[in-house]
Amino acid sequence: MLPYPSGKLHMGHVRNYAIGDALARYMWMRGYNVLHPMGWDAFGLPAENAALKAGREPREWTLSNIAHMKAQMQRLGFAIDWNREITTCEPEYYRWNQWFFVKMFERGLAYRKEALLNWCPECGTVLANEQVVNGCCWRHDTTPVEQRAMQQWFLKITDYAGELLDALDDLENGWPERVIAMQRNWIGRSEGAEVDFSLENSSRKIRIFTTRIDTIYGATALILAPEHPLVNELLSDDQARLRVKEMIDATARQDPGNVQKAGLFTGKYAVHPFHGGRIPIWIGNFVLMGYGTGAIMAVPAHDERDFEFCRAYGIPVVPVIRPIEGELAAGETMPEPFLEYGIVENSGPWSGLPSAEAREQMAAFAKSHCFGHASVTYRIKDWGISRQRYWGTPIPIIYCPQCGTLPVPEQDLPVLLPQNVKITGKGRSPLESVPEFMNVPCPRCGTAARRESDTMDTFIDSSWYFYRYCDPHNDRAPFDSQIIAHWFPIDQYIGGITHAILHLIYSRFWTKVMRDLGLVTNNEPAKNLFTQGMVLMGGSAMSKSKGNVVDPDEMVEKYGADTCRLYTLFAAPPEKDMDWNESSVEGQFRFLARVYRFVTRNLDRGGQGQPDADRNALRKLHQTIRKVTNDFDSRWHFNTSIASLMELVNKLYELETGLSAPVAREISEKLALMLAPFAPYTAQELWDHLGHNGPVFRHLWPPFDPDLAKEELAEIPVQVNGKLRAHLRAPFGTSKEDLQSLALALDKVKPFVEGKQIAKVVVVPDKLINLVVK
């Protein structure tokens, strides 16, 4: 995943890119054509913050950071194709963000509507969610954030919700189970029914969504989200509307997972569509406008949230579902709601039916009587992409008083972001203060018109960037589809779990839109996803505020790039968090020094050597090649790969004086090759010393010989009555009788068998001996 150019690489970056670089180098050495590019997620709020604090232009701040971070990557030896480098704040890139937006607008996938946003009254500006800290503005922690309704642009990701969910089945073999689960939950498919309740003495309808239509006879209130469009119409005075606004603002300042429920009775009633009864209409802060229809029927006897709310406000509790084996509870005395499926009671003609059957029949009844139908809804909301910020892709829309809302014509793209814009942090988008940007003739009628002043969410930039790597200099299209067909889907994508439900969902959505536009044929952007663990210090994530950040530049200066890379790969399995320990860093430095000494002092080695030493060294060499190869091909446990290389070097030091010159050279060459994915500078230095030309990672990976890797003696565990008591070493293929005799002769076994009868001997040749005694 491409980084945000915040200023410097941190050790989390080093670990992420060391994993990918090791894999890229290994695959090159296995003969594959490997595309290993890099780019910069360059738009974003931190650049504006830096402009506010330091008076620097966001572009200048960003590009200087990119230059520094690129130099760090090059110093760390990452084998990146810099000819394919992309920077998302450059017009040649964001031009295609705008092109995609226009295409989505033409297809009805981009639309504008009013939505609630975080508003700081002191700054006089909209805040991104991440700028709201404990319900207050991040700039001054005593100013409560309000919610304000504003016009916003959205992308219709909900049109793809079903496909995004169903297609997760196809990713189960290549994506982490945790990411799959997080996306399933975020998309959140719910099967149920939509039902219309008539507003009393009115032709207006209030549509609710429920997953439990079988409980509808237990509905004792309708509850609307505070943002529901009917709220202002239902409330009769300004005082009540003010209370609703205060409810919205108070809820915005609470933890979304722990909202203190609050409600307001509207004084209005609805008519129950099944039994014609009169039920009150309430407003409740726990009802979400973005889920279902923004209105629910409250069934307190069979829903926890409804039960809590209705008990607090004295709304009746009417049970209508009983256990399959049991009686119907009394609503007045119910200590808690009954949540399970059961048998429907007190529900007209559906009484006595099991819940599942009643749900099906009642939804069909609603449809046949034109007040409802079975429905599927999703938790995921349409993607709001408007940002009242400067440093982002301008949204390519023009507002004409005669022609309405129009997209910028394709031939006029890109809409360039103006330079030297004053950023104050107050008011709406800084672009509104640039008349030469805002004022433009209508592309259709020529009348004076205005541009959209909002910019795009930066997740737009990262939703398709990897496609641009394949064709980065194309000025006629986002990319050539034939080139994409060769490379996509991505064979291996690497990044943090924190991106599971934003970037990784948005990029999947974008791929499906591009497929429907005829640009790509793949349905998913990546076949395989790997989420690396975090780099910790003292058990907590590194951060500047905690003062526990390790600067990669300092580590490279002190120990070298290879040591820095090697440690991030050795300290823990790559999918696990790793705790920084500088003494272990020194261990990797010493290991590389030992490798260097062994190879260089055996360059001009002479003599015949000892056959046993050669044989033992070659066996260990081929066992190590097998181990490292298997780690790359299956589980990516680079920590055990590096540990096996250390074991090999230890064995070589032990056997060094007995090695012949040809064997010492063969081992040196293959050791350098195995080291190449992990420590490329050291490997290249050794490769040059060994007299070879060209990059070491362009040489083929060494194969292992199964016969040479095979141990001469099998190490066999010996059990007595199923408990491990000893190990013995014996030639492979030793007979059962001989293995039994050898086992009984072991000093560690004798105390457990002497004076006892051997009832049975279980021998698995070369694997196990179990003596059963009594």
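A residue is taken as buried when its relative accessible area is under 20%, and by this criterion 6 of the 7 residues of strand β12 (residues 278-284) are buried in the predicted model; β12 is therefore largely enclosed by the rest of the structure. Two pairings of this strand were identified. Strand β11 (residues 263-271) is joined to β12 by 6 bridges and runs antiparallel to it, with Phe265 standing opposite Trp282 of β12. The two strands β11 and β12 form a hairpin with 6 residues between them, and in the turn Gly276 adopts a positive phi of about 75 degrees. Strand β10, by contrast in direction, runs parallel to β12 and is joined to it by 3 bridges, Leu222 having Ile281 of β12 as its bridge partner.

The loop between β10 (221-224) and α8 (231-234) contains Leu230, which has a relative accessible area of 5% and is therefore buried. When residues up to four places away in sequence are set aside, Leu230 touches Arg204, Lys205, Ile206 and Leu224. The C-alpha atom of Leu230 is separated by 62 Å from that of Glu582, a residue 352 positions away along the chain.

Considered as a whole, the protein chain comprises 25 helices and 32 strands, and its C-alpha trace spans about 105 × 80 × 50 Å along the principal axes. Of its 774 residues, 52% count as buried, while the chain exposes about 35,000 Å², of which carbon and sulfur atoms supply 49%. Among contacts between residues at least 6 apart in sequence, 70% join residues at least 24 apart. The chain carries 84 positive and 93 negative charges, the mean positions of which are 2 Å apart.

The buried residues of α17 include Asp562 and Arg565, together with Leu566, Tyr567 and Leu569.

A further sheet is open and consists of 4 strands in the order β20-β19-β22-β21, with antiparallel pairing. From one strand to the next the twist averages 40 degrees.

Several backbone features were found in loops. Most residues other than glycine have a negative phi, and most peptide bonds are trans. A cis peptide bond with omega of about 5 degrees joins Leu413 and Pro414, the latter being found in the loop between β20 and α12 (435-438). That loop between β20 and α12 also holds Asn420, a non-glycine residue with a positive phi of about 55 degrees; Asn420 counts as exposed, at 65% relative accessibility. The peptide bond from Phe488 to Pro489 is likewise cis, with omega near 0 degrees, and Pro489 lies in the loop between α14 (481-487) and β24 (493-495). A positive phi, near 60 degrees, is also present at Trp636, which lies in the loop between α19 (611-635) and α20 (638-655) and, at 8% relative accessibility, counts as buried.

Definitions and conventions:
Residues are numbered from 1 along each chain as its sequence is written. This is a predicted model: local features need pLDDT of at least 70, side-chain atom pairs count only at pLDDT 80 or more; totals for chains, interfaces and linings use all residues. Side-chain values use heavy atoms; hydrogens and water are left out. Buried means under 20% relative accessible area, exposed over 50%, partly exposed in between (1.4 Å probe, protein chains only). Contact means heavy atoms within 4.5 Å. Accessible areas come from the Shrake-Rupley method with a 1.4 Å probe; for residues, only the protein chains shown count as cover. Lys and Arg count as positive and Asp and Glu as negative; His and the chain ends are not counted. The place of a charge is taken as NZ of Lys, CZ of Arg, CG of Asp or CD of Glu. Two strands pair if DSSP finds at least two bridges between them. Axes are lines fitted to C-alpha atoms, for helices over the stretch in contact, and angles run from 0 to 180 degrees between N-to-C directions.
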